[in-house]
Amino acid sequence: MGSNVTKVEANQEPEKKLKPCCACPETRKARDTCIVENGEENCRDLIEAHKTCMRDMGFNI
């Protein structure tokens, strides 16, 4: 019975992992909109905010 609990826990972990494309949608949208409208060089704060969010979500950026 103990091994069944381990299997359940192991199966749940991959479901918790987010893909980079799905993480931080708010900061990604703001960053992308700013870059399109103002150019990358004028959006450094939003780019850094998105990178911080991604790092907080466990991505190595």
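This is a predicted model: local features need pLDDT of at least 70, side-chain atom pairs count only at pLDDT 80 or more; totals for chains, interfaces and linings use all residues.
Just after helix H3, Gly 58 adopts a positive phi of about 105 degrees.

Helix H3 covers residues 44-56, a run of 13 residues. From its first C-alpha to its last it reaches 18 Å, close to the 18 Å expected at 1.5 Å a residue. Its buried residues are Ile 47, His 50 and Met 54. Viewed down the axis of H3, these buried residues fall within an arc of 65 degrees, so they line one face of the helix. An α-helix has 3.6 residues a turn, so residues three or four places apart point the same way. The buried residues of H3 pack against helix H2, which comprises residues 25-38. On the face of H3 turned away from its buried side are the exposed residues Asp 45 and Asp 56.

The wider arrangement can now be described. Of its 61 residues, 15% are buried. The accessible surface of the chain comes to about 5000 Å², and 53% of that surface belongs to carbon and sulfur atoms. Among contacts between residues at least 6 apart in sequence, 42% join residues at least 24 apart.

Pro 20 is placed in the loop between helix H1 (2-16) and H2. Leaving aside residues up to four places away in sequence, Pro 20 touches Arg 28, Met 54 and Phe 59; Met 54 is also one of the buried residues of H3. The C-alpha atoms of Pro 20 and Met 57 are separated by 9.2 Å, although these residues stand 37 residues apart along the chain.

There remain the charged side chains. A search of the whole structure finds 3 salt bridges. One joins Lys 51 to Glu 48, with the closest N and O atoms 3.6 Å apart. Both residues lie in helix H3, 3 residues apart, about one turn of the helix. Lys 51 is partly exposed, with a relative accessible area of 29%, and Glu 48 is likewise partly exposed, at 38%. Another salt bridge links the side chains of Arg 44 and Glu 40 at 3.7 Å, N to O. Arg 44 counts as partly exposed at 46% relative accessibility, as does Glu 40 at 43%. The side chains of Asp 32 and Arg 31 also meet in a salt bridge, at 2.7 Å, N to O; Asp 32 is partly exposed, with a relative accessible area of 32%.

Technical notes:
Residues are numbered from 1 along each chain as its sequence is written. Side-chain values use heavy atoms; hydrogens and water are left out. Helices (H or I, at least four residues) and strands (E, at least two) are DSSP runs, numbered from the N terminus. The expected span of a helix is 1.5 Å times one less than its number of residues. Buried means under 20% relative accessible area, exposed over 50%, partly exposed in between (1.4 Å probe, protein chains only). The arc is that of the directions from the helix axis to the C-beta atoms. Contact means heavy atoms within 4.5 Å. Accessible areas come from the Shrake-Rupley method with a 1.4 Å probe; for residues, only the protein chains shown count as cover. A salt bridge is a side-chain nitrogen of Lys or Arg within 4 Å of a carboxyl oxygen of Asp or Glu.
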